[in-house]
Structure formats: structure tokens, C-alpha cells
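Subject: Structure for you to look at

Dear colleague,

Here is the structure I promised to send, with the sequence alongside. My notes on what was found follow below.

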Amino acid sequence: MTDDAPVTDAPVIEEPDIRRLDDLLEDLYHGQERISQADIYRRAVAAELPAQLLTRMAALPEGEYAVDEVADLLGGSVT
């Protein structure tokens with residue numbers, strides 16, 4: 001019996017845990033309209049979000065963001 005399926009050694013790329021990102025954003029923006037990139041990043045580090053998300057947050061230009069802006073930039077679903 002032979003298996004004709006091709007064997008690949010492609011790495012499995014894990015998607016960041018978007019639920020954790022959404023939870024962080026909901027908590028951060030509770031009662032706030034805009035939050036600075038630095039504050040978002042600090043809270044994400046404290047929440048121990050995955051390194052992939054932290055890297056993306058660190059790459060955001062300095063400034064303040066509304067929840068929908070940062071969610072769009074980072075792939076979250078909070079709007």
C-alpha cells in the first residue's frame with residue numbers, strides 16, 4: 001500500500017491569538033477614544049501577548065489610535 005500524497009517540510013505558521021488581542025483592545029479602550037502606540041505596546045507586553053503581535057505593535061508609527069484603527073492595523077476584530 002503506497003501513499004501518493006506529497007510530503008512537504010513546509011513550516012507551520014501559527015496565526016497570532018486574535019482573541020487575546022481583541023480582549024486587550026476591549027480592556028484598553030474601555031472609556032477611552034484614543035490611546036498612544038506606546039501605551040498599547042506597554043499593555044501588550046504586560047499581557048504577555050505573542051511575540052509576533054508585539055513586533056507588529058512596536059512597528060506602528062508613534063501617535064494615538066482609535067480602537068478601529070489599531071484593530072485594522074493589527075488584524076483584530078474589535079470595532
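Gln37 belongs to helix H2, and with a relative accessible area of 11% it is buried (buried means under 20% relative accessible area, exposed over 50%, and partly exposed in between, with a 1.4 Å probe and protein chains only).

Before you read further, please keep in mind that this is a predicted model, in which local features need pLDDT of at least 70 and side-chain atom pairs count only at pLDDT 80 or more, while totals for chains, interfaces and linings use all residues. Residues are numbered from 1 along each chain as its sequence is written, and side-chain values use heavy atoms, with hydrogens and water left out.

The overall picture

The protein chain contains four helices and two strands, and along the sequence these follow the pattern α-β-α-α-β-α. Helices (H or I, at least four residues) and strands (E, at least two) are DSSP runs, numbered from the N terminus. Of the 79 residues in the protein chain, 32% are buried. When contacts between residues at least 6 apart in sequence are considered, 60% of them join residues at least 24 apart. The accessible surface of the chain is about 5700 Å², and carbon and sulfur atoms account for 50% of that surface; the areas come from the Shrake-Rupley method with a 1.4 Å probe, and for residues only the protein chains shown count as cover.

In helix H3, which spans residues 51-58, the buried residues are Leu53, Leu54 and Met57. These residues lie on the same side of H3, because they cover an arc of only 100 degrees around the axis, the arc being that of the directions from the helix axis to the C-beta atoms. On the face of H3 turned away from this buried side are the exposed residues Ala51 and Thr55. What do the buried residues of H3 pack against? Their partners are helix H1 (18-28), helix H2 (37-46) and helix H4 (67-74).

Just after H4, Gly75 takes a positive phi of about 90 degrees. Glu48, a residue other than glycine, also has a positive value, with phi near 55 degrees. In general, most residues other than glycine have a negative phi. Glu48 sits in the loop between H2 and H3, and its relative accessibility of 62% makes it exposed.

Salt bridges

A salt bridge here is a side-chain nitrogen of Lys or Arg within 4 Å of a carboxyl oxygen of Asp or Glu, and by this rule there are six of them. Arg19 and Asp23 form one, with their closest N and O atoms 2.5 Å apart; both residues lie in helix H1, four residues apart, about one turn of the helix. Arg19 is partly exposed at a relative accessible area of 44%, and Asp23 is likewise partly exposed at 36% relative accessibility. Salt bridges also link Arg19, Asp22, Asp23 and Glu26 in a network.

Another salt bridge, at 2.5 Å from N to O, joins the side chains of Asp27 and Arg43. This pair links distant parts of the chain, since Asp27 is in helix H1 and Arg43 in helix H2, 16 residues apart. Asp27 is partly exposed, with a relative accessible area of 47%, as is Arg43 at 35% relative accessibility.

Lastly, Arg34 forms a salt bridge with Glu69, the closest N and O atoms being 3.3 Å apart. Here again distant parts of the chain are linked, with Arg34 in strand S1 (residues 34-36) and Glu69 in helix H4, 35 residues apart. The relative accessible area of Arg34 is 38%, which leaves this residue partly exposed, and Glu69 is partly exposed at 32% relative accessibility.

How values were computed. Contact means heavy atoms within 4.5 Å.
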